[in-house]
Amino acid sequence: MPEGADLGERLRAGDLGAAPAVLNLLENRSTAARAEARHLLAAVSPSALGGEPRGHVVGVTGPPGVGKSSLLSRLVAEWRSQGRSVAVLAVDPSSRRSGGSLLGDRARIDVDPADRSVYIRSTAVGDRLGGLAPATRAAASALAAAFDVVVIETVGVGQSETEVADVADTVAVVVQPGSGDVLQFLKSGIMEIPDVLVVTKADLGRPAMRALADLRSALRSLGARETALIAVSSVSPPTGIDALAEALDAHRASLDLPARRLRARRLAALADFAAEHGDRGLRALGGRRAAVRWLEQQDPGLDAAALERALAARAAATS
Amino acid sequence: MQHMAETPPPRLPERDRPWLMRTYAGHSDARRSNELYRGNLAKGQTGLSVAFDLPTQTGYDPDQELARGEVGKVGVSIADLGDMRTLFEGIPLDQMNTSMTINATAAWLLALYIVAAEEQGVGQEALQGTTQNDILKEYLSRGTYAFPPGPSMRLVADTIAHTVEHVPKWNPINICSYHLQEAGATPVQEIAYAMSNAIAVLDAVSRRVEQDRMGAVFGRISFFVNAGVRFIEEHAKLRAMAVLWDEIGLERYGVEDERHRRFRYGVQVNSLGLTEAQPENNAYRIALEALAVTLGRSVRARAIQLPAWNEALGLPRPWDQQWSLRLQQVLAYETDLLDYPDIFEGSKVMDGLVDELLEGAREEMKHVHELGGAVEAVDYMKAALVEAHRERITRIEAGEHIVVGVNRYTETEPSPLTADADGGILVVDPAVEAERRAAVEEWRSARDQAAVDAALAELARVARDDSENIMPATIAAARAGATTGEWSQTLRAEFGSYRAPTGVGEAASVPTEDLAELRDEVERVSDALGRRLKILVGKPGLDGHSNGAEQIAVRARDVGMDVVYQGIRLTPTEIATSAAQEGVHVVGLSILSGSHAELIPSVLEALAEAGVAGVPVIVGGIIPEADAARLREAGVAAVYTPKDFDLGRIMHEIVELVAERESAEAGARA
């Protein structure tokens, strides 16, 4: 087993080739591996780096079949043409029926296999309900120390973008023309307002324009002026990809990054705690909202693992 | 005594003419295939059926990276006009009826054929034959697509529009239900998806021709069907298709002329059911399947090609093909089959079967229609096929579906048919690929490059302009000396490339109790590994027959593994990159095209370069034992062939393999 501290050192030095071993370690649930993972995460924490990891963590989510993979293929190509390195963490929501899973997304993201600056990893959601794979949060923050962009791709709408929002700097929700449910979810507040809203299949012409208009008026009525609305087409010749990349960058530039990352670490700690200790653990903390309030008063320098340990200690003391 | 109101005459006034007899043939290069064709014609074959190699089918020249290992393997390599010329040397094209199994690049191969005929002094109006040209089933089953669905449908529509006006005796498309059955379709699915596919094609053409030409267009659409060994039901399937086709013509497209609405089809009988175990039994299966498409006169096949007895072993030799042809000749000339009117006319059993199939097919067609038609419903249909095939395999494993020699009556004497030095199959000379690379380079250096550049620039312009027909520019490029790879690359640049849905994600699971023991094994090994056992499944090379890989992927999931299913048409680098990035514990590769000897060692090398040399590799496919031994020597952990039908056993061995490696590593750590 590789030393967690060594892997952290390699990431800090910008060694993209460390990524597979980093993921293998972070996904490993054995006691020894978890100890090494703590060393790894400590080595790439803001206090060790003297600031937030520089990579842009982008969440890309949307219902199945809207063209996320084609969009990602084009977006990765756009970032690569700007010389940026990209890691994609593709989280598969569906098939945890037998314990096993089928991760088909990789086949659909089209990249140059010889390009060492692109890393793609597929993960199953795991035993956790509805959310991110257990290692995904940790992996996103670790890889952000070495990669320019880290994409977390999830499938679904109404729930998954909330999960992604807890870990990503910028969340893009992808919809296709004619998906009225997204409009409803948005209006009724089931879905949180994304940072960027992408309408695919712009080549369809009229239906795409109509979808744009509907979403624009919905955003306006919700007072969501900051949300960028972009129409893209992934079929040749692709359109709107550069505008999307710009919108993602613009959001990142406007962001109070340390605050958002701090919130992400606190929520990650709570999610990990809840996965480990369940509802009973949460009750011991006085409920989820009380736990979040308590976390907000903790030292901003603590990493997620330290925060989780603090939560566990507090729960043990009060129960 | 039963009273018959009116007894039809029991015999035809004149014996029927037999169908066109072909064998699906071609390998290596144009010269060797031309010899083969002339030999087959001399033996009484009445038409030709050209098998192209995978690079030609997917639009690559013999010297491109993805063509490696595949040149001349499953068919003949045709890169340019010179090859097409040689392929038909000494075969007068005004008298020949040629069927070409070509889809993504059909417009191109048709153009080469037209120009080769022109050089023989034969105008395109005199040509007879068929281009398969059915792209939707490539997405669903066969995998040799090149472009995305939209532009592909345009190419199909353009070839139809061109031939209806200029090559009036040509069948520009064979709507293929054949490959749907090979992918596991039930008779109802085969009927419904083929008809839905035909509707999508006709709708696309109707936007590109004058409306008064739709009757003629409808009349040129023919089908390419399959027939399995349940030959009574298979015959009923054909009758049901004829009923639906007539209905669609009349009701959807207003085709008045009854002759234009006739259901015309060619056939290659079932390969899926042919077995590697006791392969001689396949001769019987093929004979019975031939009955399904010939028994009833009203839906008798127009053209038949039969597989050879040894298809599950490898490529057939000329003698194997002769044996297949002789079966057709015995059926047509020795039996009394062609003496009678339709022998099922008035049969209540047959009519009942037909009604049952029609009911199911109409319902399924309605569902596809509601999804927006066949193009939009590709994902749905693909998932349904993977699921149907999974069910079939599960029934074979459980012994509910009896396959003689495979899961019942497996005792056998050694077969003298496979005892020869060649193992009973044709092996393509490995020197062919190098010859072909040199030949295409020579072709390029000898031609007028400026003319080729101009022709390709014009092709690109037409590709961008959806209102123009692609055929004239394609014919001009063929005449100027462009190559298969250049034509395809020009269109790829305009249309974009594409990956079809895999359909595996939606397949249902096997009932839990059957797999409990295996799941426990997977859990145990996953615990030892610290994370869930993860496997990469994919297909190197150009072969698109993904059934086997898909079934392995689905079962691996069902026993609890994390499965990265990477799909088809992968380079060794792609496979190695994925294996390393995904952190898999084992790699499963599938190859059916015979290119394993070249491709598998390349994958092993690439894995070593990617730093994951220790990850065990297993291989499945049509792999002769001698090759399997060589692969194991090269470092492959296990080789599986069609006789290994028991997926449970394969899964067990995979888990063992990973467990052994883990405990060896744990030992090294300790």
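## Opening question and basis of the model

In which sense do β2(A) and strand β5 of chain A pair, and over how many bridges? The pairing is in the parallel sense, over 5 bridges, and β5 of chain A covers residues 149–155. Here a strand is a DSSP run of E with at least two residues, a helix is a DSSP run of H or I with at least four residues, and both are numbered from the N terminus; two strands count as paired if DSSP finds at least two bridges between them.

This is a predicted model, in which local features need pLDDT of at least 70 and side-chain atom pairs count only at pLDDT 80 or more, while totals for chains, interfaces and linings use all residues. Residues are numbered from 1 along each chain as its sequence is written, and chains are lettered from A and ligands numbered from 1 in the order in which they are written.

## The sheet of chain A

Chain A holds an open sheet of 7 strands with parallel pairing, and the order of the strands is β4-β2-β5-β1-β6-β7-β8. The edge strands are β4 and β8 (228–231) of chain A, each of which pairs on one side only. From one strand to the next the twist averages 20°, where axes are lines fitted to C-alpha atoms and angles run from 0 to 180 degrees between N-to-C directions.

Strand β2 of chain A, residues 86–92, is mostly covered, since 7 of its 7 residues are buried; a residue is called buried if 20 or more other C-beta atoms, placed from the backbone, lie within 10 Å of its own, exposed if 12 or fewer do, and partly exposed in between. In a regular strand the side chains alternate between the two faces of the sheet. In β2(A) both faces are covered, with V86(A), V88(A), A90(A) and D92(A) buried on one side and A87(A), L89(A) and V91(A) buried on the other. β2(A) also pairs with β4(A) in the parallel sense, over 7 bridges. Within that pairing V88(A) stands opposite I120(A), and D92(A) has A124(A) as its bridge partner, whereas in β5(A) the bridge partner of V88(A) is V151(A).

## Two further residues of chain A

K201(A) is placed in the loop between β7 (196–199) and α9 (206–221) of chain A. Its phi is near 60°, which is a positive value in a residue other than glycine, and K201(A) counts as buried because it has 22 C-beta neighbours inside 10 Å.

R280(A), by contrast, lies in helix α11 of chain A, residues 257–284, and R280(A) counts as exposed because it has 9 C-beta neighbours inside 10 Å. The C-alpha atoms of R280(A) and A315(A) are separated by 9.4 Å, although these residues are 35 apart along the chain.

## Chain B

The secondary structure of chain B comes to 24 helices and 15 strands. The radius of gyration of chain B, taken over C-alpha atoms, is 25 Å, close to the 26 Å that the globule rule (2.2 Å times the number of residues to the power 0.38) gives for 670 residues, so chain B is as compact as a globular protein of that length. Along the principal axes, the C-alpha atoms of chain B fill a box of roughly 85 × 80 × 55 Å, and buried residues make up 55% of its 670 residues.

Chain B includes an open sheet of 5 strands in the order β1-β10-β9-β8-β7, with parallel pairing. Its edge strands are β1 (20–22) and β7 (173–176) of chain B, each pairing on one side only, and the twist averages 25° from one strand to the next. β1(B) pairs with strand β10 of chain B, residues 303–305, in the parallel sense over 3 bridges, and L20(B) has A303(B) as its bridge partner there. Elsewhere, N133(B) is found in the loop between β5 (128–131) and α5 (136–142) of chain B. N133(B) has a positive phi near 55°, and N133(B) is buried, with 28 other C-beta atoms within 10 Å.

## Where the chains meet

The contact takes 31 residues from chain A and 36 residues from chain B, where two residues are in contact if their C-beta atoms, placed from the backbone, lie within 7 Å. On the side of chain A that touches chain B, the elements giving two or more residues are α2 (19–27), β3 (101–103) and β4 (118–124) of chain A, and β4(A) provides the largest share, 5 residues. Between the chains, β3(A) is joined by 3 bridges to strand β12 of chain B, residues 562–570, and the two run parallel; in this pairing S101(A) stands opposite D562(B).
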